[in-house]
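Reader: Hi, I have a structure open and some questions. Can you walk me through it?

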Amino acid sequence: MKAKTIFVCNECGYESAKWMGKCPACNSWNTFVEEKISNKVENGKKERKIQEPPKPLNSYVGQDAKRITTGYAELDRVLGGGLVKGSLVLVGGEPGIGKSTLILQICDKIQGDGKVLYVSGEESAEQIKLRADRLNIKNDDILFLGETDIDIIDENIEELNPKLVIIDSMQTMYSEEISSAPGSVSQVREITARIMKICKSKKITTIIIGHVTKDGNIAGPRVLEHMVDTVLYIEGERYFSYRMVRGVKNRFGSTNEVGMFEMQENGMVEITNPSSILISEREDNPSGSVVVATIEGTRPLLVELQALVSQSIFGFPRRTANGIDYNRLTLLMAVMEKKAGLMLGNQDVYLNVVGGLKLNEPALDLGIILATASSFKNISIPKGVVVLGEVGLTGEVRTINMIEKRLKEAERLGFKKCIIPENNKKLLKESYKLDIIGVKNINEAMKAIELR
Ligand code: TYD
Ligand code: MG
């Protein structure tokens, strides 16, 4: 009989009977791979286990989510107060972003009795030891297992009963029961299911590391998101040292929290006051620079935006956006042309977020516009100014959320003046030590800082 196959999207796990160029579920291109349908349950026969009958939910004693601190306050916050005992956490990120480093640091710092089992299919014991030396980790409780066969890993977990298991990475592990290659969608799902089964039954906390790659043959962490309790992504630019740990799913806490770290010579170091770092400290005040207040999770963050506008040499002007959406930049430039009469058609425009952060929030629109206008006119925006506001297609400045938090942060860091949407200003309840200027449209905003 011919083996049945299906096509699976490596990005999101969408299944289809035929190959497709573009995934209808997640819109990625060229992510479909052919996989054999696993035929584990042959002839439809299945062993029946004797199960306990259903019991009233109220008769169970809730565990009350016992949490173990990771030793890093920044990480505990993202997790909602620490690792929940017996939970399954997926940590995703691009290769080289610092997943293995951060996790090894957690292995060292984590509280509680018992051993930590670090299973690696990527690196040898010597390599991990080198990293541990670099991080100055000398911990007898960390045990290393260089293995990729899930059956052997299973046995070891069973025998050791550790307090924490690390699987580095999900794409290198395999189960013999599945015929497709390690890293395929069905393999990563199978090994996650296996690990989940043993760790849930023995209440062992587990962290699975998954690479985010554009390699067409490897399944990404997204295909596991529905199976695990918590999903964290480590983000950052490879050539910048800042790293954000972002919670995108959390069965035991709020999502969208962000922890800030910096990758230093001796590992990842927490950043407890990120705003002060993301604003370049300097004496002069060049044109094209503006400070905005963004919200990461529930935390306000002051960030500097820099724009450079210069006459295009070639007929076709260049636009580059680093850290913000390119389409948003071009849209805002069109608004500037039409509503403020700034002729950018023959200008190259470069926009950059200082520190390599990626920001995706409409509240930064006005900042982007003022930075661009400032560089175009070569007039500096005065120091001590923070700019906030979403900009609509008619040039109107629209209300944004969490204004009070952003203003508080600006005040805390010693800023003097804030340009905010008029409608937000009307609704302010508290008073601030800031000079708050409400604006209705981009022309008013430009006037407020003398760009007009
Ligand atoms: P790593 O944790 O191996 O990344 P991942 O597991 O996500 O693939 O981190 C790799 C990078 O981090 C590597 O380029 C070296 C750098 N690094 C430091 O800068 N400082 C350190 O203390 C360590 C251990 C690594
Ligand atoms: Mg690694």
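Author: We can start with confidence, then turn to the ligand and a few single residues. This is a predicted model.

Reader: What is the mean pLDDT of the chain?

Author: The mean is 89. A pLDDT of 70 or more is reached by 94% of the residues.

Reader: Which elements have the lowest and the highest mean pLDDT?

Author: Helix α6, residues 274-277, has the lowest, at 77. Strand β20, residues 390-391, has the highest, at 97.

Reader: Okay, ligand 1. How many residues surround it?

Author: There are 17 residues around ligand 1. Gly96, Ser100, Thr101, Gln264 and Gly267 are the closest.

Reader: What kinds of residues are in that shell?

Author: Four are nonpolar, eight are polar and five are charged.

Reader: Which polar atoms lie at 2.8 Å or 2.9 Å from an oxygen atom of ligand 1?

Author: A polar backbone atom of Lys99 is 2.8 Å from an oxygen atom of the ligand. For Arg131, a polar side-chain atom lies 2.9 Å from an oxygen atom of ligand 1.

Reader: And what is 2.7 Å from a nitrogen atom of the ligand?

Author: That is a polar backbone atom of Gln264.

Reader: How much of ligand 1 does the protein cover?

Author: On its own, ligand 1 has 560 Å² of accessible area, and the protein covers 75% of that.

Reader: Which elements give two or more residues to the shell?

Author: They are α2 (99-109), α3 (125-134) and β13 (258-264). The largest share, three residues, comes from α2.

Reader: New topic. Where is Glu304, and is it buried or exposed?

Author: Glu304 sits in strand β16, residues 299-311. Glu304 counts as buried because its relative accessibility is 2%, and the cut-off for buried is under 20%.

Reader: What does its side chain make polar contacts with?

Author: The Glu304 side chain contacts the side chain of Ser289 at 3.0 Å. It also makes a polar contact with the side chain of Gln306, at 3.0 Å.

Reader: Now the backbone. Which residues other than glycine have a positive phi near 55°?

Author: Lys203 has a phi near 55°, and Glu450 has a phi near 55° too. Lys203 is in the loop between α5 and β10 (205-211). Glu450 is in the segment after α11 (442-448).

Reader: Last one. Where is the cis peptide bond?

Author: It runs from Asp168 to Ser169, with omega near 0°. Ser169 lies in the loop between β9 (164-168) and α5 (185-202).

Methods. Residues are numbered from 1 along each chain as its sequence is written. Chains are lettered from A and ligands numbered from 1 in the order in which they are written. This is a predicted model: local features need pLDDT of at least 70, side-chain atom pairs count only at pLDDT 80 or more; totals for chains, interfaces and linings use all residues. Side-chain values use heavy atoms; hydrogens and water are left out. Helices (H or I, at least four residues) and strands (E, at least two) are DSSP runs, numbered from the N terminus. Buried means under 20% relative accessible area, exposed over 50%, partly exposed in between (1.4 Å probe, protein chains only). A polar contact is a pair of N or O atoms within 3.5 Å; within protein, one must be able to donate a hydrogen and the other to accept it, and residues adjacent in sequence count only if both atoms are side-chain atoms. pLDDT is the predictor's confidence in each residue, from 0 to 100. A residue is near a molecule or strand if one of its heavy atoms lies within 4 Å of it. Accessible areas come from the Shrake-Rupley method with a 1.4 Å probe; for residues, only the protein chains shown count as cover. Ala, Val, Leu, Ile, Met, Phe, Trp, Tyr, Cys and Pro count as nonpolar, Asp, Glu, Lys and Arg as charged, and the others, Gly among them, as polar.
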